[in-house]
Amino acid sequence: MSDADQRREAPVGIDELLEQVRAGYERVGPREAAAEAAEGALLVDIRYAALREADGLIPGALVVERNELEWRLDPQGSHRAPQAVGHDLRVVVICNEGYASSLAVASLHRLGLHRATDLTGGFQAWRAAGLPVAL
């Protein structure tokens, strides 16, 4: 058995992977995310265009398709968004229901964005909480 084979982790199911990922940080609810945004946190909407068009947008959120997220938020990256000002930036990632965002946060943590978190329940929880949505 090679060293690479020995280092390879045993496969896990998606539910276990989500549990492992989420154990590494504290998620926020809709009202907490809104309060953090008011204090300077960056809300990042990673939903795909069809969902944004159907359900609307969170005013002030940066829209970044999931497949571009790491390139746009890496403070050292050549394709970073102007808002990606440093590794200490508080980022709240928002997907539709709070699943894909958790996996995205794990990726951002690996890039050094140690304060990244996600919105429990995603955009749907934001809207259900009666928080602002622009159609």
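At 0% relative accessibility, S102 counts as buried. Buried here means under 20% relative accessible area, exposed means over 50%, and partly exposed lies in between, with a 1.4 Å probe and protein chains only. S102 sits in helix α6. Helices are DSSP runs of H or I with at least four residues, strands are runs of E with at least two, and both are numbered from the N terminus. What does S102 touch, leaving aside its neighbours within four places in sequence? Its contacts are L18, V21, R22, Y25, R27 and D118. Contact means heavy atoms within 4.5 Å.

A word on the model. It is predicted, so local features need pLDDT of at least 70 and side-chain atom pairs count only at pLDDT 80 or more, while totals for chains, interfaces and linings use all residues. Residues are numbered from 1 along each chain as its sequence is written, and side-chain values use heavy atoms, with hydrogens and water left out.

D118 is in strand β4, residues 117-118, and R27 is in the loop between α2 and α3, so the pair ties together parts that are 91 residues apart in sequence. A salt bridge is a side-chain nitrogen of Lys or Arg within 4 Å of a carboxyl oxygen of Asp or Glu. Buried or exposed, which is D118? D118 is buried, at 0% relative accessibility. R27 is partly exposed, at 22%.

How many salt bridges are there by this rule? The count comes to six. Side chains of opposite charge can pair when their charged atoms come close. Here are two more.

E65 and R52 meet through their side chains in a salt bridge, 3.2 Å from N to O. E65 lies in the loop between β2 and α5, and R52 in helix α4, residues 49-55, so this pair ties together parts 13 residues apart in sequence. E65 is partly exposed, with a relative accessible area of 25%. R52 is buried, at 15%.

Next, R127 and D55. Their salt bridge has its closest N and O atoms 3.3 Å apart. It links distant parts of the chain: R127 is in helix α7, residues 122-128, and D55 is in helix α4, 72 residues apart. R127 is partly exposed, at 37%. D55 is buried, at 14%.

On to the nonpolar side. In soluble globular proteins, nonpolar side chains tend to be buried together. A nonpolar core, as used here, is a set of buried Ala, Val, Leu, Ile, Met, Phe, Trp, Tyr and Cys residues joined through side-chain atoms within 4.5 Å. The largest one has 20 residues. Those with the most contacts inside it are V44, I46, L69, L73, V91, V93 and L108. Which elements each supply at least two of its residues? They are β1 (42-45), α5 (69-73), β3 (91-94) and α6 (100-110). Helix α6 gives the largest share, three residues.

Take L73. Not counting residues up to four places away in sequence, L73 touches L42, V44, L62, A84, V91, L108 and L113. Apart from this core lies another, of 11 residues, among them L43, A61, F123 and W126.

L62 deserves a stop. It is found in strand β2, residues 62-63. L62 is buried, at 13% relative accessibility. L62 and L42 are 20 residues apart along the chain, yet their C-alpha atoms are separated by 7.3 Å. Beyond four places in sequence, L62 is in contact with L42, L43, V44, D45, L73, A81 and Q83.

That list includes D45. D45 is in strand β1. Its relative accessible area is 0%, so D45 is buried. A polar contact of 2.7 Å joins the side chains of D45 and R47. A polar contact is a pair of N or O atoms within 3.5 Å; within protein, one must be able to donate a hydrogen and the other to accept it, and residues adjacent in sequence count only if both atoms are side-chain atoms. Setting aside residues up to four places away, D45 also touches R52, L57, A61, L62, V63, V64 and I94.

Last, L17. L17 lies in helix α2, residues 14-22. L17 is partly exposed, with a relative accessible area of 32%. That's the tour.
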